[in-house]
Structure formats: C-alpha cells, structure tokens
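Please read them with the coordinates open.

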Amino acid sequence: MSKLAEFKALEAQLAAQLKQLDALRNDDKLKREIEFEEKLRNLMGKYDVGLREIISILDPQSIRTSTTLVSQAPRRQRQLKVYKNPETGEVVETKGGNHKILKAWKEKHGADKVEGWLQ
C-alpha cells in the first residue's frame with residue numbers, strides 16, 4: 001500500500017471516530033453517567049469509603065463468593081523421592097521430575113528402569 005493510500009485510509013478512520021465522539025458528547029445517557037460517577041466519587045471522598053465497601057453494601061452476596069475463592073485449601077507439598085543408581089551408587093533426592101541428573105539417567109537407561117531405582 002502506498003503512503004498516500006495509507007494516509008487517506010487513516011484520515012477516513014479519524015473522521016469516522018471524530019463523528020462518533022461528537023455523537024457521544026451529545027448523548028444524554030453518557031452525560032448522566034458522567035454526572036453520576038462524579039457525584040459518587042465525591043461521596044466516596046467525603047465519607048472515605050472505597051469501591052469494595054460500596055459493593056459490599058449494595059450486594060453482600062458478591063463478597064461471600066470472592067472470599068470463598070481466596071480461602072482455598074493450600075496445595076499439599078510434593079513428597080521427597082530418593083533414587084539410587086545401582087551402577088554408580090550415586091543418590092539423587094528430588095521433589096519433582098525436573099532434576100538434571102535424573103533426566104540424564106532416564107535418557108540413558110530408560111524411564112521405567114530409573115523408576116525402579118526409587119528407594
């Protein structure tokens with residue numbers, strides 16, 4: 001696309017967006033929403049109340065659902081696994097399968113055989 005065509009396309013988009021902006025400026029619903037937000041923010045400042053407190057006053061059910069999600073049981077810790085290589089006598093202790101030496105053993109000897117080395 002040439003620079004001139006790109007410029008004209010962007011200019012047309014800008015004109016359309018300016019037209020939408022003018023339409024919104026004259027919209028009574030938008031004016032009422034802006035007025036409501038300003039009054040609400042002034043009241044919040046006057047009484048030193050945050051949005052969460054307002055939501056809990058207007059809809060007490062919403063606080064109950066959000067607190068139950070936060071208070072989930074903690075994950076249980078992984079169990080320590082100890083692998084002993086019978087050929088070298090080397091011992092690897094790990095809580096996960098992403099251990100460098102353990103991966104090397106599994107590549108060399110096979111995963112099934114290495115799992116058999118679990119102490």
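Predicted model: local features only at pLDDT ≥ 70, side-chain atom pairs only at ≥ 80, totals over all residues.

1. Leucine 40 is partly exposed, because its relative accessible area is 27% and that class lies between the cut-offs of 20% and 50%. The residue sits in helix α2, residues 28-47.

2. Next, the hairpin. Strands β1 (residues 81-84) and β2 run antiparallel and are joined by four bridges. Six residues separate the two strands of this hairpin. Glycine 89, in the turn, has a positive phi of about 80°. Tyrosine 83 has valine 92 of β2 as its bridge partner.

3. Asparagine 85 deserves a look. This residue is in the loop between β1 and β2. Is asparagine 85 buried or exposed? It is buried, because its relative accessible area is 2%, and the cut-off is under 20%. Its side chain reaches the backbone nitrogen of glutamate 87 at 2.9 Å. Neighbours within four places in sequence aside, asparagine 85 contacts Glu90, Trp105, His109 and Trp117.

4. Now the core. The largest nonpolar core has six residues: Tyr83, Val92, Leu102, Trp105, Val114 and Trp117. The bridge partners tyrosine 83 and valine 92 are both members. Leucine 102, another member, is in contact with Tyr83, Thr94, Gly96 and Val114, leaving aside its neighbours within four places in sequence.

5. How many aromatic pairs does the structure hold? There is one. The ring centres of tryptophan 105 and tryptophan 117 are 5.5 Å apart and the planes meet at 75°, so the pair is edge-to-face. The pair links distant parts of the chain, 12 residues apart: tryptophan 105 is in helix α5 (residues 100-109), and tryptophan 117 is in the segment after α6 (111-115).

6. Both tryptophans also belong to the core. Tryptophan 105 counts as buried because its relative accessibility is 7%. Tryptophan 117 counts as buried too, at 7%. Asparagine 85 is in contact with both Trp105 and Trp117.

Conventions
Residues numbered from 1 in each chain as written. Heavy atoms only, no water. Pairing = 2+ DSSP bridges. Buried < 20%, exposed > 50% of the residue type's maximum accessible area, 1.4 Å probe, protein only. Polar contact = N/O pair within 3.5 Å; in protein donor to acceptor, adjacent residues only side chain to side chain. Contact = heavy atoms within 4.5 Å. Core = buried A, V, L, I, M, F, W, Y, C linked by side-chain atoms within 4.5 Å. Phe/Tyr/Trp six-rings, centres within 6.5 Å; stacked < 30°, edge-to-face > 60°.
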